[in-house]
Amino acid sequence: MATGTAASVAKAKWLNKVKWDEHGLVPVIAQEAGSNDVLMFAWMNRDALYKTVELGEAVYWSRSRKKLWHKGEESGHVQKVLEIRLDCDEDVVLLKIEQAGGIACHTGRHSCFFNKFLGDPKDGDWQNVEPVLKDPETIYTETKK
């Protein structure tokens, strides 16, 4: 991150209202504005939340890659942020977004929440209830061209 941006993040007092966890992260829910579908869950650090406000597009913290992740940077499935909310405990962020391409999940589905529990406690199981809209191999191959 550029020095100017680091200084801006440090001065942004509104970030202090968020209750960051012991790793400096806050859970984030991405909800589609039109349908109200919950599309995904992710994490943000201070830099990611600041960058999200600055760009008007979702930027998350990738725990596996240990770096900022601008949603759609590889897939093209950018999330335009229309509204940002903080819950009553100030420890969860809700993004109301418009999902480019209608695909939020890296599996090529509309939502990351495509497994639904069906049945009873004894014999029930998780079932995939959403179709793949686009083959993930195609999504990530096309954007590298």
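## Asp 87 and the loop between E5 and E6

Asp 87 is partly exposed, with a relative accessible area of 26%, where buried means under 20% relative accessible area, exposed over 50%, and partly exposed in between (1.4 Å probe, protein chains only). Asp 87 lies in the loop between E5 and E6, and helices (H or I, at least four residues) and strands (E, at least two) are DSSP runs, numbered from the N terminus. This is a predicted model, in which local features need pLDDT of at least 70 and side-chain atom pairs count only at pLDDT 80 or more, while totals for chains, interfaces and linings use all residues. Residues are numbered from 1 along each chain as its sequence is written, and side-chain values use heavy atoms, with hydrogens and water left out.

Asp 89 lies in the loop between E5 and E6 as well, and at 44% relative accessibility Asp 89 counts as partly exposed. An unreviewed UniProt entry lists Asp 87, Asp 89 and Asp 91 under "binding site"; UniProt positions are given in the numbering used here, feature names are shortened, and annotations may be inferred rather than shown by experiment.

## The annotated cysteines

The UniProt annotation "binding site", again from an unreviewed entry, covers Cys 88, Cys 105 and Cys 112.

Cys 88 is found in the loop between strand E5 (79–86) and strand E6 (93–99), and Cys 88 counts as exposed because its relative accessibility is 74%. Cys 105 lies in the loop between E6 and strand E7 (115–118), and Cys 105 counts as buried because its relative accessibility is 5%. Leaving aside neighbours within four places in sequence, Cys 105 is in contact (heavy atoms within 4.5 Å) with His 110, Ser 111, Cys 112 and Phe 114.

## Salt bridges

Side chains of opposite charge can pair when their charged atoms come close. A search of the whole structure finds four salt bridges, each defined as a side-chain nitrogen of Lys or Arg within 4 Å of a carboxyl oxygen of Asp or Glu. One of them joins Glu 54 and Lys 51 at 3.1 Å, N to O; both residues lie in helix H2, three residues apart, about one turn of the helix. Glu 54 is partly exposed at 45%, and Lys 51 is partly exposed at 27%.

Another salt bridge links the side chains of Arg 65 and Glu 74 at 3.7 Å, N to O, where Arg 65 is partly exposed at 38% and Glu 74 is partly exposed at 36%. The side chains of Glu 83 and Arg 85 meet in a salt bridge at 2.3 Å, N to O, with Glu 83 partly exposed at 31% and Arg 85 partly exposed at 46%.

## A nonpolar surface patch

Trp 14, Val 53 and Ile 84 make a nonpolar surface patch of about 260 Å². Val 53 lies in helix H2 (residues 46–55), and Val 53 is partly exposed, with a relative accessible area of 44%. Patches are made of residues with over 30% relative accessible area and no salt bridge, with like charges joined within 9 Å and nonpolar side chains (Val, Leu, Ile, Met, Phe, Trp, Tyr) within 5 Å.

Conventions:
Areas by Shrake-Rupley, 256 points an atom, 1.4 Å probe, with all protein chains shown as cover.
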